[in-house]
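Hi,

Here is the structure I promised to pass on to you.

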Amino acid sequence: MEIVRYAALGMGTGALYAMVSAGLVTVYRGSGIVNFAQGAFVMVGGYVDYEFSTRAGLSFWPAMILTVLVTALLGAAVQLIVLSPMRNSSPLTRVVATLGLLITLQAAAALHYGHEVRSVPSYLPTRSVDILPGVPVGLNVVIIFFVGLAVTVILWAVYRFTSFGRLTSAVAENQRATAALGRSPEMIAVVNWMIGAGLAGLAGVLIAPITFLEPNQLALLVVPAIAAALVGNFASFPLAFVGALAIGAGESLTTRYVSNPGWSQSLAFLIIIAFVLIRGRGLPLRSFVLDRLAAVGNGRIRIVPAVLAYAALMWLLGSALPVRWILPTTVTVVAMIFCLSVMVVTGYGGQLSLAQYVIGGVAALVTARLGGGSQHWPFLVAVLIGILAAIAAGALMGIPALRTRGITLAIVTLGLAVVLFSLILNNSSYNGGTGGILVDSPSLFGWNIDPLLHQQRYAMIAVTALFLTALAVVNVRRGAAGRKLLAVRSNERAATALGISVYGVKMYAFMLAAAVAGLAGILFAFMQASVL
């Protein structure tokens, strides 16, 4: 009966995932957007409830109602201020906007509250009750499960049997036709965003006493919620609820019976990824939205301006910039290399990957273990091996692109990134634990570039790496490989008719982008004496 008990405990968490997932489904049905900021709304709900209940001293019901209202108004503001002006933009552009919103809200919470973990008293009774003979669980888990079930049933009934639900479905099919009937698609989208954000706020109120308050942890709740919504194809509330329960139960059982760290966060999502790959189709997009792609440059290199810019940067780093500016400048340069990675896989290849930073982390980890600890390999050799490891990770990320595309691919790459982070990067067996991995002082051909002793030298190496990588990427654009990438990006069927291997081109884009991300990750990690 222990298995039943742990599965039941996980279903309480799954019910919370279901509420967040239901919010994702409502937003998608009402506006055609996969809201990657849904986890940030959960975080906002948790902190707003903390302000009302702990600091202002309000009781449960007033604090909860005000929290849901605040998050619902935040959802309306996002639709009206951020997304409404982008109504004719491509799905890719609007997905990027929600990612920017996620980062903005997360950063704002970190600036205001810091990364200190805050405990919140539970509103719900925590005494044990027997749901089956010999299967005790907390009463709060039972209540959360039935709240999630009630939310699912209500939403299913509203969107299936009411005029608002029918209008939402009509808007999802054709916004212009709905507007021609005298209905405001904008208002329908606002209401759906309010419902979705309000559900996230409610989940934040209920989950804060369980997981505690911390910006990063709460924002990551979007990952299992997206996985559950994907089970329902971002349309079915009951299927999303079942998927969320399965994820919650799987996490609980894995935590109990699997000792290796990271599997509790990874196993359920691996199952969802397998489901998506077997199904092999993407999310349906609204018919009125044209997936317009951003313009791509011609790849011509202006030698004189490029050389002058490189020389100016090297002079600034070598003699003009104050020492306190060197490290921030280096971080900016490394971030630009990461952007080049995104430009290759998304700009040239048309494949949306949300795993580039994790791929860079894989390269950094491999390089650190070879260039420090007990190995002490030469820095340049360790870097090359680390980039090869990044290319292998990029190939792994590229496999789903052979069966999915667009927003669905972005979701799958996000899930794979979480899996890699949980199983490898966040595993103390590999990352050196809290102290990290001590690395040797990096040097190139006998020239010491230790960033602690020679910040300027290390910054110059980063700038040189940026310019060389940019030249390589531009050269790809001008060559045959670049033309194949753009052909696949524009029309896969037409590219196949011309004899281009779509699968091969996609894998090339992911692997090349991974190599660039790996270089950026290594440069970023080796700014410190130990790689964490």
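**What I found**

Let's start with contacts (heavy atoms within 4.5 Å). Among those in the protein between residues at least 6 apart in sequence, 78% join residues at least 24 apart.

Before you go further, a word on the ground rules. This is a predicted model, where local features need pLDDT of at least 70 and side-chain atom pairs count only at pLDDT 80 or more, while totals for chains, interfaces and linings use all residues. Residues are numbered from 1 along each chain as its sequence is written, and side-chain values use heavy atoms, with hydrogens and water left out.

Now the overall picture. The protein has 22 helices and six strands; these are DSSP runs numbered from the N terminus, with helices being H or I of at least four residues and strands E of at least two. Its radius of gyration is 25 Å, close to the 24 Å that the globule rule gives for 532 residues, so the protein is as compact as a globular protein of that length. (That radius is taken over C-alpha atoms, and the rule is 2.2 Å times the number of residues to the power 0.38.) Along its principal axes, the C-alpha trace spans about 70 × 55 × 45 Å.

How much of it is tucked away? Of the 532 residues, 51% count as buried, meaning under 20% relative accessible area, whereas exposed means over 50% and partly exposed is in between (1.4 Å probe, protein chains only).

Ile301, Ile303, Val304, Val307, Leu308, Leu468 and Leu471 make a nonpolar patch of about 650 Å². Helix H13 (303-320) and helix H19 (455-478) are the elements that give two or more residues to this patch, and H13 gives the most, with four. Patches are made of residues with over 30% relative accessible area and no salt bridge; like charges are joined within 9 Å, nonpolar side chains (Val, Leu, Ile, Met, Phe, Trp, Tyr) within 5 Å. A salt bridge is a side-chain nitrogen of Lys or Arg within 4 Å of a carboxyl oxygen of Asp or Glu. Areas come from the Shrake-Rupley method with a 1.4 Å probe, and for residues only the protein chains shown count as cover. Isoleucine 303 sits in helix H13 and is exposed, at 54% relative accessible area.

Phenylalanine 234 isn't a glycine, yet has a positive phi of about 55°. Phenylalanine 234 is buried, at 1% relative accessible area. Phenylalanine 445 also has a positive phi, about 50°, but is exposed at 79%.

Cheers
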